[in-house]
Amino acid sequence: VLRSNPNAKNIKLSLASAYERLGMPDDALQFYSDLIQAAPEDPTLLAGKARILVRAERYKDAKATYELS
């Protein structure tokens with residue numbers, strides 16, 4: 001599905017959430033980064049990325065991301 005519609009926000013967001021729940025933060029962060037590139041001021045996306053960074057104990061990156069939202 002993603003191949004036929006690479007800009008599908010809902011699909012990417014669902015995959016990011018799935019990777020987060022599976023304990024795969026790097027994969028989740030990749031999807032969030034792609035989404036944020038398309039909508040850099042979306043506070044929901046920025047907060048989601050920051051949440052994953054906190055769980056991955058990447059506090060400096062999380063703080064910087066939170067400050068953008």
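Leucine 53 touches Leu29, Arg58, Asp61, Ala62 and Thr65, leaving out residues up to four places away in sequence; contact here means heavy atoms within 4.5 Å. Leucine 53 belongs to helix 3. Helices are DSSP runs (H or I, at least four residues), numbered from the N terminus. With a relative accessibility of 2%, leucine 53 counts as buried. Buried means under 20% relative accessible area, exposed over 50%, and partly exposed in between, with a 1.4 Å probe and protein chains only. Leucine 53 and threonine 65 stand twelve residues apart in sequence, and their C-alpha atoms are 8.8 Å apart in space.

The model is predicted: local features need pLDDT of at least 70 and side-chain atom pairs count only at pLDDT 80 or more, while totals for chains, interfaces and linings use all residues. Residues are numbered from 1 along each chain as its sequence is written, and side-chain values use heavy atoms, with hydrogens and water left out. The predictor's confidence in each residue, pLDDT, runs from 0 to 100. The protein has an average pLDDT of 90, and 90% of the residues score at least 70. Confidence is lowest in helix 1, with a mean of 92, and highest in helix 3, at 95.

**The nonpolar core**

Twelve residues make up the largest nonpolar core: Ala16, Ala28, Leu29, Phe31, Tyr32, Leu35, Ile36, Leu45, Leu46, Ile52, Leu53 and Ala62. Such a core is a set of buried Ala, Val, Leu, Ile, Met, Phe, Trp, Tyr and Cys residues joined through side-chain atoms within 4.5 Å. Helix 2 (25-38) and helix 3 (43-55) each supply at least two residues of this core. Helix 2 gives the most, with six residues. In soluble globular proteins, nonpolar side chains tend to be buried together.

Leucine 46 is another member of the core. Apart from neighbours within four places in sequence, leucine 46 is in contact with Ile36, Pro40, Glu41, Thr65, Leu68 and Ser69.

Helix 1 covers residues 9-21, 13 residues in all, and reaches 18 Å from its first C-alpha to its last, close to the 18 Å expected at 1.5 Å a residue. The expected span is 1.5 Å times one less than the number of residues.

Which residues of helix 1 are buried? They are Lys12, Ala16 and Glu20. Seen down the axis of helix 1, its buried residues fall within an arc of 75°, so they line one face of the helix. The arc is that of the directions from the helix axis to the C-beta atoms. The face turned away from the buried side of helix 1 carries the exposed residues Asn10 and Arg21. The buried residues of helix 1 pack against helix 2 and helix 3. Glycine 23 follows helix 1 and has a positive phi, near 75°.

In helix 2, the buried residues are Ala28, Leu29, Phe31, Tyr32, Leu35 and Ile36. These residues cover an arc of only 160° around the axis, which puts them on the same side of helix 2. The face turned away from that buried side carries the exposed residues Asp26, Gln37 and Ala38. The buried residues of helix 2 pack against helix 1 and helix 3.

**The aromatic pair**

One aromatic pair is found in a search of the whole structure. Tyrosine 19 and phenylalanine 31 form this pair, which is stacked, at 5.8 Å centre to centre and 15° between the planes. Rings of Phe, Tyr and Trp (its six-membered ring) pair if their centres lie within 6.5 Å; planes under 30 degrees apart count as stacked, over 60 as edge-to-face and the rest as tilted. Tyrosine 19 lies in helix 1 and phenylalanine 31 in helix 2, so the pair ties together parts that are twelve residues apart in sequence.

**Accessibility of single residues**

| Residue | Relative accessibility | Class |
|---|---|---|
| Tyrosine 19 | 25% | partly exposed |
| Phenylalanine 31 | 15% | buried |
| Glutamate 20 | 14% | buried |
| Glutamate 57 | 59% | exposed |

Glutamate 20 is found in helix 1. Beyond its neighbours within four places in sequence, glutamate 20 is in contact with Ala28, Arg51, Ile52 and Arg55. Glutamate 57 is placed in the loop between helix 3 and helix 4 (59-68). Although glutamate 57 is not a glycine, its phi is positive, at about 60°.
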